[in-house]
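Please open the structure in your viewer and keep the selection tool at hand. The stops below say what to select and what is found there.

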Amino acid sequence: MSADYSMVKAIESPNSDLIPNGKRIPEIEPRTSAVVLKNHFSGKLAFDTLHKAASKNGSCGEEICCGSIWMNLSDRKVRNRELVIKEAMEFIDQYYRSLKRWGTKAHETRAGQIRNEVENTGTYNMTETEIAFGAKLAWRNASRCIGRIQWNKLQVFDARYVGTAQGMFEAICNHIRYSTNKGNLRSAITVFQPRMEGRGDFRIWNSQLIGYAGYRQPDGSIVGDPLNAEFTEVCQKLGWSGQGTRFDILPLVLQGSDGEPKLFNIPSELVLEVPIVHPEFDWFLDLGLKWYALPAVTSMKFDCGGLEYTAVPFSGWYMVTEIGSRDLGDPHRYNQLEVIATRMGLDTCTNISLWKDKASVELNLAVLHSYQRCGVTIVDHHTATESFMKHHENETRIRGGCPGDWVWLIPPTSGSLCPVFHQEFLNYTLKPMYDYQEPAWKTYDWKKRSLHHNGVSRKFHFKEIARAVKFTSKLFGQVLSRRIKATILYATETGKSATFASQLAEIFSHAFHPQVKCMDDYDIAEIEHENIVLVVCSTFGNGDPPENGERFARELITMKLGHDREEIGSNERSRKDARAILRMNSAEPKPQTFERLCSVVSVASLASDVTNEDPPLPLSNVRFSVFALGSSAYPNFCAFGKFTDSLFGELGGERILALACGDELSGQEQAFKEWAVRVYQLACETFCIDSGISENDLSIRFHSAQKDESSVRFKPNETNLDISTRLGATHGRKVIPLRLKSNDNLLPKSSELATLNVSLTWKDIEWKEPIAFLPGDHVGLFAKNRKEVVEGIYRRLKNMPDRNQTIQVELLEEIPTIAGPKFVWNPHGKLPSATLDELFYSFLDITTPPTQQLLSVFSHRAEKEDEKKKLQMLATNTAEYDAWKYGKWPHMLEVFEEFPSVSIDAALLVSLLPLLQPRFYSVSSSLVYFPEEVHLTVGVLQFRSQGDNGPLHYGVCSNYLLNSKKGDVISAFFRSENRFHLPEEGNLPVVMVGPGTGIAPFRSFWQEKLAMSKKEPQGELLLLFGCRTKEMDLYHDEKEYMRRKEILTLLPLALSREPKIKKSYVQDRLLENDHAQHVFDLIVRKRGHFYVCGDCTMAEAVSKVLRTVFQNIGHMTPEEADEYFLHMQDDGRYHEDIFGITLRAAEVHSKTHESAKTQIEQQN
């Protein structure tokens, strides 16, 4: 039914600034008029403006309507370059508009690349994401398809790498296996190479991948499917012969780059068939009817971006009437209606008995019942049309229209009972599109073939494929491993997540094509077209993402909120919303916005979701799983990983495995191993790929390194780069060589502890870029390992090079080639050219206890049997490992001393050790107060393990600073911490809570405030400081000076170890009446900012006490206090700078050790 043109009128379209991909963009064309479409059942009107974007090659003219013409075949000529460029530019515009990057430099660059490529070659190569976008959009544009509501869930297999008919067969078999999915059908398309000048087309001669033969009989009748009678004769002409039954599966006839057709029999185990039975009529089984599960159209071409892909098998699932009314019921097909009517006892001699209608209903009922009985996806025509009407409504609202071919959308049974019957549609062509093309055997040059082929064509039986040993295993793994991409994203502060991500990639490389990317380097525009996304991420501070995960998190939030990408970066309100969501305070009630964004959505499988009426979510076609790293010492354990998992689900992603968390204090490696093995197995199952390796073998690989002495070497090299430059390249930072000006101890000499005021300067340092930071920012320092530890390790190494010789660590890596695997030596991905001393002193972490994997390496190199057994036990038993690790907290030299029979090749150990990570400190000075300097407040860490009875352990960086001399060069970089900056409005009051070295950033605050006060009045700066004893009151004189200058207001010290004084902590001081009233006035009445810096446990206690203050002074209910606190966070008025458990290392290690011992006792 066309639009009622008596009702067509020019109106201003509410969606005129939408383009075909449904994204709103700046208006670039005059506003257009709409065509009014009426629903004659409901009376509702729809306004179509999308038709204005239609192609001008419609078949209807001014005087005739060709709406009922079955198909209009497209031109077979190769397109000229001008047309290719024109359509390519139109498509790439659509693509970048969908990414909200229209008109950007990336858009212009890509358009230029395409234009140059077409001008030089006549064609161009689409990216995988462009192919995926185009294929989905073409389905969305298909006016004859009633199942388009699932367009965004289309799985796109890129098979453009295939060049032969045999390769096509392998890819098609993969497609069938994936889409069939044991009956839980999944929509998919496989895209082969496009039409090119000077080469024959890639073609699939079949009209569907699976079909039944039709054998002409001497009397003119046909046994089998008459629809395929002509093609059956073509197959016979090529040398195929079937069994002559009604349901013989036709072979595939495939045409590759050589232009010659080749026959392939589809393995029977791939073809799922459904015997047709009736829920009431037992005799139905005697009819011997059946049909295949998977409808996979192959006769159409994919027209996208000026290119024509002539071989694109596309599969979905059946609507019941396609089988019951058409395939089995049509007189020119299997013609079963009269047979069924006769068995039903109906009068078939007259039409007035309506025997055809009754028989058709029962046949459709039998098909529907049979498919459901066998667990095969199918949809009835009433549900399908209702779903399409919802899709039509969504599309009209989202992109201003939905093309529809009324003739094709009306089911062949019960037409007027379905809602689409009463809806007017506009039928128009949008590109990308799927278009009809002439059957390949009708355009093939048979005369040319007869000149080159004597006799019949040889059949390629499945067993004859060279690479196939067993189809259901090796073939899938080998073929899909080249094509199914698994994207592995990581975000890390210490490098542990990156290490885990690399290990995960090694596992996935057995059956997939893994690509590991840091979140900061990942283009979020690609995520909607990914197959699998695996996330390995840590949490920074008290619930924030690592620095290299912040942008990714913001873009996920932008995607969810529907804001423009630029808006989140430029609008301050949006930035605050993003920060509020990113905090993910799992220990307390969450704001409603966070609950809404991060609620876990259970995404149903496609089989149970084929009629989902909601608009597709961005990640609805993405499978994902998340492994979160964190420390249970923090209240918000693994918060960023939980956030990422929740938001992926909220955006429509399908979890292939639930979120897993790894606690660095207990069994993190074991938790990751179990998750990695399981997620790999499930990913293989999801894509119907043989895993290529057993679960047991996977587990063993986690406990043994892939490297050995033969795969690592030192190669003499040279470098003229200084150590700071090489550290910067290794860690991806702009590292500056600062000079130590002073490292004064702030505590009296009588104290057993030491807290340093470290002053670093860049005066007289050659550095071309300006150096700047703000109060509240961080400094990252690169320390050096202790000499006695390094020298002790050297005594246990074999094959050591000259310590002063510059060397490059190289790894022997396998590279796949056409001729087979090739092994080449490549430089280590992280370690630069350096001397052995530079590596062990500055680049390698030899202080953190070794991983279980490294202990496994040691076990193979232990000469004594008892040491070998213990090392193996530690490498495989997580509870024993944790008890050993946290009981002793051994550095590398202590491990060698505990296992004296172990010695190891120097190059191998270097390749296995993690990088020595930078240590972060809050800046303790203001640039306006100390120009060309940065000050740090550093607590020197020294503790004994084994219940205070073990050897003395030293914090790497704090002791390095303690022992450094004036003038020493220290490599450093600055990191902005904009969540801890002073408020822009200088007149706002500020409350600061920071015990111990938590005072560090507040020193920079009061120095900055002193300088600002000379320009304009400043709001009150209130400090609540705590320490053990009065003699540990850091910066006492400076604070008193600031108090006299009326810059700083000081609350009484909170002292926790002062003799003869009641123990108190900073949170206790907050609750005292006068102080609580003062803080309440500053924060609530004057809308001041609240800052907390220090230990995570203290920070959590302070946040709870602050809410108690709201209740006591503000007479709020607990719920109201929580709500106000969360509003403070949303408004960016509550700030935390958490530096973790460093100064409580011995305490935390002791607790974890006891926990591990308990676990061992429970196991025994």
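Select residues 1118-1130, which make up helix 37. Its 13 residues, at 1.5 Å a residue, should span 18 Å, and the end C-alpha atoms are 18 Å apart, so expectation and model agree. The expected span is 1.5 Å times one less than the number of residues. Helices (H or I, at least four residues) and strands (E, at least two) are DSSP runs numbered from the N terminus. This is a predicted model, in which local features need pLDDT of at least 70 and side-chain atom pairs count only at pLDDT 80 or more, while totals for chains, interfaces and linings use all residues. Residues are numbered from 1 along each chain as its sequence is written, and side-chain values use heavy atoms, with hydrogens and water left out.

Stay on helix 37 and show side chains: the buried ones include Ala 1121, Tyr 1124, Phe 1125 and Leu 1126. Buried means under 20% relative accessible area, exposed over 50%, and partly exposed in between (1.4 Å probe, protein chains only). After the helix comes Gly 1132, with a positive phi near 70°.

Next, select residues 35-38 and 45-48, which are strand 1 and strand 2. The two pair in the antiparallel sense over 4 bridges; pairing requires that DSSP finds at least two bridges between the strands. Val 36 is opposite Phe 47 of strand 2. In this hairpin 6 residues lie between the strands, and Gly 43 has a positive phi near 80°.

Now turn to the charged pairs. The structure contains 51 salt bridges, each a side-chain nitrogen of Lys or Arg within 4 Å of a carboxyl oxygen of Asp or Glu.

Select Glu 273 and Lys 290, whose closest N and O atoms are 3.6 Å apart in a salt bridge. Glu 273 belongs to strand 10 and Lys 290 to strand 11, so the pair ties together parts 17 residues apart in sequence. Both are partly exposed, Glu 273 at 25% and Lys 290 at 26% relative accessibility.

Move to Asp 520 and Arg 551, joined by a salt bridge of 3.5 Å, N to O. Asp 520 sits in the loop between strand 21 and strand 22, and Arg 551 in helix 15, so this pair links parts 31 residues apart in sequence.

Which residues form a network of salt bridges? Select Arg 79, Glu 87, Arg 195, Asp 201, Lys 301, Asp 303, Glu 308 and Lys 431 to see the linked set.
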